[in-house]
Amino acid sequence: MSVLPCPTEPSFLLLLIPAASWCCWCLPAWQVRACPDPVDKTQKMAELLGLGDKCGEGASGAPVLAGSCLADNRLNLDVYPDGCRRFLQLFEGRRGEVVQVEFLRLSSNDHLLGTTLGILPHLKHLKSLVLKGGHARDEFGSCQYGSLTSLPPDVGNLRCLTHLDISFNSLSTLPSCILHLPSLRMLLVSHNSLVALPEDFGSLSKLTFFSAMKNQLKDLPQSIGELAVLQDLDLSENALEFLPEEVGNLRNCTELDLSGNRLSSIPESLANLKSLRRLHLHSNLLVTVPASLASLPNLSRLDLQNNCLRTVPPEIQTSPFVRLQGNPLGETEPSPQADEPSAGGLRRLFLASGEDSFTVTSEGCKVVLACGIHFYFPPGTASDPLRIYFRTLAPDPQWVKLRHHDVLLSTVLELQPHGVKFQQEVQIWLPYASPQTLHQREVVVRTFSGQSWSDLRTRVEQKRKSKKHVAHCSVLHFSWFLVVSRLVQNECKVPTEGTLLFSSVDPNIKVTFPPGVTEETRSVKLQVLPVSAEEIEEIMADAGCRASPLLCLSQDSLVDFLRPVRIQLPLPPGVTGLNLDRSRLHLLHGDLEGQTWDDITSQVVLEFTHLYAVFEVTHFSWYWLWYTTKTYIGGIAKKVYERLRMYQVNFIALQRKKDPEQVLLQCVPKHKVDPVLKKLQDRYRGPEPSDMVEMFEGEQFFAAFERGICIDMDRPDCVDGRLLFIFYSHLKNMKEIYVTSPVDRKGQAVKGQVSFYRGAVPESIPEDASRRRKGPDSLWLATLPIKLPRLKPRWGENPGPLNGFSFPPLNLGNAETGYLTQANLLSIARRMGADWQTIGLNLGLTYQQIERIGYNNREDLDKQILDMLFSWAQQNLEDRDCVNKLITAMKESGRQDIADEVETIIELGRQKYRESIRRVGLEQESSTEDSAIAMM
């Protein structure tokens, strides 16, 4: 039940709506004062609902929501990069209105935040204040924490403030002024660096919700038990090792989240929490739990997963609401797999898809992520409990640097904390896309130090049950990891005495280092790229051209060798020492980037045996033997080398049969096109794949809808109205989106198209290819037709146009819980702003529904909000509990301010309903219609 921070006598607001009836709201006086012309303030929303002229709700007045940052008593400025600057300008130019603001949202990533904080104490009517970070992202896509480290002391004088959110910031201590906020009911300080709470934290006597998740809290003050009205407490993902007994005094607490801490036990006093419904204790170090938890009368969920519980009381083990997975309970502990180290006594953690962290102790553990990644932390890996955070990232070619002929086989795994060194090696198993078409290569795990990428010693394994391939490596520190397929790399140390190095791909390729070749030991690497005669013939369209395998030599020294190094290469296919025409044989030397190829045949002494050519060099790079009658062989080799790095692909554009507005776009390697189409043919239809084009690994391209078909411009992967893709040959280059059209489809179908264009040129592609990818005409790749059929009226569909938002009168709820009318929903819609998508998802709408609403109303935020809210309302007219669901969705979306408003409306409606019953003497069961009338 909502408790108003500044109690006042209620006032009544009456609106005369022609062709309808009198509409009466019973509102607190502060709400009436904040809306001097409430009729004008609802004008735009009413027009969008089709009520404008019909209901006569005003013709002029204050600026509407879309026309100004300052709307009624609300300022949502966190959606603007320069929100603080806008706030300062508003305060300077419209101070009288700004000081009346009750709801304020600012981004703490804003560089002007410090200046803005000094103005906050002037907003004496402020009820809700949000100063969150996380609105900016770094180059890896991580949310950047805000700059907030404290609050001005005078913030403690905001006597009306009930809701404060300072999450995603850099707070190491809780600002003392918060303890002086007499009306504070909701406090969110998650994702900060708090190590402790003030000893007098319990002085926040009206606090009903407190979230401090993802901080560094090690203990709690005893005064926390004085929060007598606290209902929801979230202390997950901290470093708590024990709880004070006073926690058992939180008798109104309904949800307590202590997951992701270091608790080995919990106090018996938790059995006093008779109101508790959900208790989250997963991912701790619990070795015992009190049996009395099973007797809590309202408990509907007890999560004890991923702890160290070997035995639990029978009362708990048999309760249907208890979750115990991931505990070493007797014989249920899974035995170690053959491909993992034996660790019979280690606990095993199974993490769900929504979890992003776990705790490692000195005892070690095995961890299985929902995505299939496995970890093994042997005993003694960490001396103290350590919280590990993980996430997977889409590979971005701007920082995922692939070498020539590398193939990416996985997304990027980030493990934190970065740079922490373990006392023993941690083993990691990373699933990857098996490169079945890539032969004579090797799979390695590549790690990023923050400055450069390096390859780890990797062992490839296959899981017995799933048959999936995994890459197994060991590390002493955490950073970023991915799996690539590279050319097989042989390496050796070259001492002063000399040595021999040969290729494991082709043992006939040898490199001999004579004695005295170097003064100091240096490391040498050898890679071979086999090139078949068929590949050369296909690229060159000349059966007379032949080439040996490509040999790449590199070393860790910048100094040339002191003596010539002897290299043996096999002669091109079909060529032997008996039929060799020396005038046709060319030895080419290429730079490490493959940009230039020089014919060095005349600069070295070539010796021939029956099968091999032998020569000597003093520095390393690419070497290639060609057998051809053509001249200018360097340019030909450059072209062939470029083509060897490219993939032949086709583009697919298919529409779902049941919903043609849902379009699937995909870039598929040529050899996979038929299997992909066969798999999709039952659900999709569309044109034949595009003509074949060639692309580099990691190359960027775009898809643009044209000729009357468009997409949502606000998608994060949408750049200048085009969808961004990155081509990786062994990852899925696929997106499924909703399209729409500004053309009226009631009378005709829309025949449009989707075109694919090249994007930014990768840094590592050859110069010739780079030049060919410049200019407006050279960027086009392919075009495929898209058709949106003519819209047909559906049975039972409202005859009014959807875009007009004309809906029949609404009364949501029931007599006992109170009703929400159409006018109430209008008021709620005006407050949602950019949070409407999150609210819609929490109301139960699917992501596809949300996306479609956004596309259909892409030019108008108000229409998006109204479409979502009233569509949900229509679907839930018969649900007696829909109002409570709306309130819950608002709270889950972080909009306690709207939840408070709804609860206030409902409570006032219930009061009017009870008064009407007393007045006319009717029983509650027969007064549904009277309740609706009373609310009007």
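Author: Strand 30 (residues 510-513) and strand 34 (residues 565-570) run antiparallel and are joined by three bridges, where strands (E, at least two residues) and helices (H or I, at least four) are DSSP runs numbered from the N terminus, and two strands pair if DSSP finds at least two bridges between them. Within this pairing, lysine 510 stands opposite glutamine 568 of strand 34. The model is a predicted one, in which local features need pLDDT of at least 70 and side-chain atom pairs count only at pLDDT 80 or more, while totals for chains, interfaces and linings use all residues. Residues are numbered from 1 along each chain as its sequence is written, and side-chain values use heavy atoms, with hydrogens and water left out.

The two strands belong to an open sheet of five strands, in the order 29-30-34-38-37, with antiparallel pairing. Strand 29 (499-502) and strand 37 (607-608) stand at its edges, and because each has a single partner strand, one side of each is left without a neighbour in the sheet.

Beyond the sheet, tryptophan 622 of strand 39 (residues 622-627) and tyrosine 641 of helix 10 are 19 residues apart, and their pair links distant parts of the chain. The two rings form an edge-to-face aromatic pair, 5.6 Å centre to centre with 70° between the planes; rings of Phe, Tyr and Trp (its six-membered ring) pair if their centres lie within 6.5 Å, and planes under 30 degrees apart count as stacked, over 60 as edge-to-face and the rest as tilted. Both tryptophan 622 and tyrosine 641 are buried, that is, under 20% relative accessible area, whereas exposed means over 50% and partly exposed in between (1.4 Å probe, protein chains only). The buried residues of helix 10 include, besides Tyr641, Ile633, Ile636, Ala637 and Val640.

A search of the whole structure finds 29 aromatic pairs.

In one of them the side chains of arginine 105 and aspartate 835 meet at 4.0 Å, N to O. Arginine 105 lies in strand 5 (residues 103-107) and aspartate 835 in the loop between helix 13 (822-832) and helix 14 (836-842), so the pair ties together parts that are 730 residues apart in sequence. Arginine 105 counts as buried at 13% relative accessibility, and aspartate 835 counts as buried at 16%.

Another salt bridge joins glutamate 661 to arginine 852, with the closest N and O atoms 2.7 Å apart. Glutamate 661 is in the loop between strand 40 (646-656) and strand 41 (662-669) and arginine 852 in helix 15 (residues 847-856), so that distant parts of the chain, 191 residues apart, are linked. Glutamate 661 is buried, with a relative accessible area of 7%, whereas arginine 852 counts as partly exposed at 26%. Elsewhere, salt bridges that share partners join Arg403, Asp406, Glu442, Arg446, Asp455 and Arg486 into one network.
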